[in-house]
Every structure is written in C-alpha cells, then in structure tokens.
Amino acid sequence: MFELAVFWIFAAILVIAALCVIMVRNPVHSALFLVLAFFTAAALWMLLRAEFLAIALVLVYVGAVMVLFLFVVMMLDINLERLREGFWSYLPLGATVGILMVVEMVLVLGGRYFGIEALPPARDPGPGASNTKELGRVLYTDYAYPLELAAVLLLVAIVVAIALTLRKRKDTKYQDPARQAAVKRGDRVRLVSMPSEKND
C-alpha cells in the first residue's frame, strides 16, 4: 500500500513537471523542470527495482545532457519572441504527434481491454540476483552487435560534430608539436660577441 502511494505521488510530480517543461516561458525554468522530471522518473525506476537504469538516467541525462542544455540556453542569446512566432504553424503537427503518443500509451497500458494479449511474465531471477548483471549479460551476448553498432554511430556523430564546429581563425594562437620537436639549438640560441664596456 505504501509503495503504491509513493508511486502515485512520483507519477503526479512527473506529469506536472513534464507539463511545466512545455508550458513555462523561461527556457532556464523549463530545463530545471526537465531535471525534476528526470529525477522523478529515476525514482520510479527505483520502485521497479531497476537500480542501474535509474542511476544511468541520473548520471547521463541530469549529469551530462541537462548541463549541456543549460549551458547552451544561458550562453546563447536566444530571441524568444522569434521562437514563439512560428508556434501556431507547428501546432497541427505537434498535436498529431501528441495524439499518436497518447493512443500508443493507451494501447500499451490498457491492451487487455482491447483484446490485445499481454506480454508474457518475466522469469523470476531468484533471490540474490542482480538486474545490473542480467542487463549486462543480455547487452553483451544477445545484443552485442547492435550495441557495437550504436557505439560506432555515436563515435561518428561526435567526430562529425567536432568537424562541423571546428573553424580555423587567423588570429588564433596555437602550437605545432612537430616543429617544436624538430627545432635545433642553433635556431633557438645565438651567441653574440660584444666588447666589454667600462663605466668612468
């Protein structure tokens, strides 16, 4: 009973935070509400005894992605008025996608009422089993090739993002390690012979 009450409290907080993400006008407040939504979703994962997914959600999304979002929002000069100008032109597409997502969630959660067979129950791993160990076993055995493919795609995306943002500027100072390693003593130090001077 207590676990069910905690679930409904976290679920209500998650829905309210998700609504605030898209309804508040300040982008920084929207990002902070998204952080709250991520933390609440991690708490729901903990209730489902999926500790690894909860920790990954907090570390990856809150610790990395949201920091990037806040950095971009606070460092860039975003004209909010221009962003709001095209709101009504994108409203039909956004409403269509939202309705499709609601229909899918209704079919998933209430499939038994529509004659859709429920998924087979998961096997009980037994006492002392670790879901993190089971998740790692499945990822690195049954889904080893898709995991490696996803890693390669992420690596390519990182390289492409760096290549697109890399711009050479004439006024930028940089060091060339090859020229530093090939330098000789005569290029750096020059001995000059000067006559001594006496002060009277």
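User: What counts as a helix or a strand here, and what pattern follows along the sequence?

Analyst: Helices are DSSP runs of H or I with at least four residues, strands are runs of E with at least two, and both are numbered from the N terminus. In this predicted model, the pattern reads α-α-α-α-α-α-α-α-α, with nine helices and zero strands. Some ground rules: this is a predicted model, so local features need pLDDT of at least 70, side-chain atom pairs count only at pLDDT 80 or more, and totals for chains, interfaces and linings use all residues. Residues are numbered from 1 along each chain as its sequence is written, and side-chain values use heavy atoms, leaving out hydrogens and water.

User: How many residues does the largest nonpolar core have?

Analyst: A nonpolar core is a set of buried Ala, Val, Leu, Ile, Met, Phe, Trp, Tyr and Cys residues joined through side-chain atoms within 4.5 Å. Buried means under 20% relative accessible area, exposed over 50%, and partly exposed in between (1.4 Å probe, protein chains only). Here the largest core has 10 residues, including Val35, Phe38, Leu57 and Met66.

User: Which ring does phenylalanine 38 pair with, and how are the planes set?

Analyst: Rings of Phe, Tyr and Trp (its six-membered ring) pair if their centres lie within 6.5 Å; planes under 30 degrees apart are stacked, over 60 edge-to-face, and the rest tilted. Phenylalanine 38 is buried at 17% relative accessible area. Its ring and that of tyrosine 61 have centres 5.2 Å apart and planes at 45°, so the pair is tilted.
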